[in-house]
Number of protein chains: 2
Amino acid sequence: MGAPVTIALDAMGGDQGPSVAIPGAALSLVRHPDTAFIHFGDEQLIAPLLAEHPALAANSRIVHTDVAVAMDAKPSQALRSGRGRSSMWMALEAVKSGAADAVVSAGNTGALMAMAKFCLQTLPNIDRPAIAAIWPTIDSECIVLDVGANVGADAGQLVNCAGMGAALARALFHVDKPSVGLLNIGVEEIKGLDEVKRANEALKKPDLPISYHGFVEGDDLGKGTVDVVVCEGFSGNIALKTAEGTAKQIAAYLRAAMSRSLMAQIGAFFAQGAFRALKEKMDPRHANGGIFLGLQGIVIKSHGGADAIGFASAVDLGYDMAKSGLVHSISKDIERFQGALQLAPALKNTDAIT
Amino acid sequence: MGAPVTIALDAMGGDQGPSVAIPGAALSLVRHPDTAFIHFGDEQLIAPLLAEHPALAANSRIVHTDVAVAMDAKPSQALRSGRGRSSMWMALEAVKSGAADAVVSAGNTGALMAMAKFCLQTLPNIDRPAIAAIWPTIDSECIVLDVGANVGADAGQLVNCAGMGAALARALFHVDKPSVGLLNIGVEEIKGLDEVKRANEALKKPDLPISYHGFVEGDDLGKGTVDVVVCEGFSGNIALKTAEGTAKQIAAYLRAAMSRSLMAQIGAFFAQGAFRALKEKMDPRHANGGIFLGLQGIVIKSHGGADAIGFASAVDLGYDMAKSGLVHSISKDIERFQGALQLAPALKNTDAIT
């Protein structure tokens, strides 16, 4: 089992704040009893909620903060007003100081990223972090990044995403040479953005510690064609939300189909176990949690509208990341990756598309 | 019923050429008996296939061409070798001359777009066409554009897409003021690409003949939040293929769930009618066909890998577009839209993101 994991919880983040974060932590603790929690936020709100979860309370302490970062605050504004005193910042500080192994927050994404960069700093040779999502596939899972940390990416940043995603795949999926694809609008080499084409050329280098697949398209995400799909944050975020929307849409079709006739209702009755399993598999709450990659510390972002079950998935992810020793392995992997790549200056200094 | 519709069929396009296009046309003819076809391509291949479909043969003529545009040809190369003599070009020419009302092709998208621009020309005040998709939503359908004609778009091009998409919605959905949303990675005004933000400002102008909704996200596509979703072609294409992939993935989950136990199999037996209806609803072949908007003529692009059922949907779409008098109404709508907009020069002359 190894050493216990300490999670720094930004209890004030998300649409519901502590009333979701605390029961979410309690759910995750059942699955991982070797977790300790430090809850950052308004003690007046947190303490009564903890009292309802004695097992969690026994593994928790509260650090009171007066300031919570607003969900609609601009990153610069959040940094100005929240640095050194908001629940979000203090949770990040706990990871920086070594008091905690991972931060979990359902707060404002832009503010969390800005504070995380400022407080934890990026890894050597990484100029900006990316957000990675664990994407369910037909048979398994893949990693998709960036799903929204940045809008636009130059070739060098896409290549770095490939390195970070591969390191994460190595840690999570235990594959030595993860397969990596670049998201594009066609598998032909003549199509797509210039940045994507140049990243494609760079990733073809034969001695990289990845198995480079080439271009992939939107339908390869769910197929699980590769372990890691690299894209810039605008299209990655749109792909993520489109997939979530499509899953909900099909669930609505299925519900309508199963209630349209008596025969269908009888069928649905017999198949209710199967439908429950399917619902469980398609439940987006089980895939909640974006991983901030490229920082000197583990930061997990829960969906702001997540409920306790969803928030618990994000806490689980923080626990798994901490257990896998992710930061250390990514840092070493990136070094190896960039060494093998010997990035040409031309690739490093290209302009971002925004 | 009105005047019959003549479809110019590029019989050589797509992975399978005439062996898909001809049976596809035959299927569509059953649904729309007032269709006439001109088949452009290799007569040696087309004639025996037509002989198998007597009803289609009675409403068809063949124009023999020696040249077919390769599926992997670059647009410039296709134009050089195929102009004036390929099946694709000759089909477009038939629309230009008035001999046909719409072109349907499963050929190379880039080549078809380049030839269509060259042969048919764009509408006044439209500098480049877009590809629109009819997107199934929970309760109905919406229009999404651009899904891959161009990579990147400046604010003026996004605004023009809004105008063209609204005109299409008016023609297809019979709404006077279609609701229009701009695809972005958050509904907050601080997020996203600069081009998208500037298009957002322009579309807020109160007297436009649309109901402007503001930003929408990927999950709004399937929800049917708006009648028209505007995006640039790279992210639009990725959204489209991600949705297709997610639908296939969930269908695989459903099949697996329904075969996992005897109870589930019994349930599936009773519900087989419902499953058939669901399968029919989710069948991507029914949504096959991209509409090239902004040209002086109707051009429908079928998926290159479509089978006869899919190709028939693309022919249906060409038929519907021709019946609705689309080109004329879009041209008038765009004029009205741009008049109301009085595009500021600053908006027109922004740089594309690529």
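Mentor: A residue is called buried when its relative accessible area is under 20%. With that term in hand, and bearing in mind that this is a predicted model, let us consider helix H1 of chain A, which comprises residues 18-31. Its 14 residues, at 1.5 Å a residue, should span 20 Å, and because the end C-alpha atoms are 20 Å apart, the expectation and the model agree.

The helix is mostly covered, since ten of the 14 residues of H1(A) are buried. These are Pro18(A), Val20(A), Ala21(A), Ile22(A), Pro23(A), Gly24(A), Ala25(A), Ala26(A), Ser28(A) and Leu29(A). Their packing partners in chain A include two strands, S1 (5-10) and S2 (35-41). The buried residues of H1(A) also pack against the helices H2 (43-51), H3 (54-58) and H13 (308-323) of that chain.

Thr242(A) belongs to helix H10, residues 233-258. Its relative accessibility is 1%, and therefore Thr242(A) counts as buried. Beyond its neighbours within four places in sequence, Thr242(A) is in contact with residues of chain B: Trp135(B), Gly218(B), Asp219(B), Leu221(B), Ala239(B) and Ala243(B).

In soluble globular proteins, nonpolar side chains tend to be buried together. Here the largest nonpolar core has 111 residues, and Leu203(B) is among those with the most contacts inside it. Helix H7 (residues 155-173) of chain B contributes the most to this core, namely eleven residues. Another core, of 110 residues, lies apart from it and includes Ile7(A), Ile134(A), Leu168(A) and Ala314(A).

Technical notes
Residues numbered from 1 in each chain as written. Chains lettered and ligands numbered in written order. Predicted model: local features only at pLDDT ≥ 70, side-chain atom pairs only at ≥ 80, totals over all residues. Heavy atoms only, no water. Helix = DSSP H or I, 4+ residues; strand = E, 2+ residues; numbered from the N terminus. Expected span 1.5 Å × (residues − 1). Buried < 20%, exposed > 50% of the residue type's maximum accessible area, 1.4 Å probe, protein only. Contact = heavy atoms within 4.5 Å. Core = buried A, V, L, I, M, F, W, Y, C linked by side-chain atoms within 4.5 Å.
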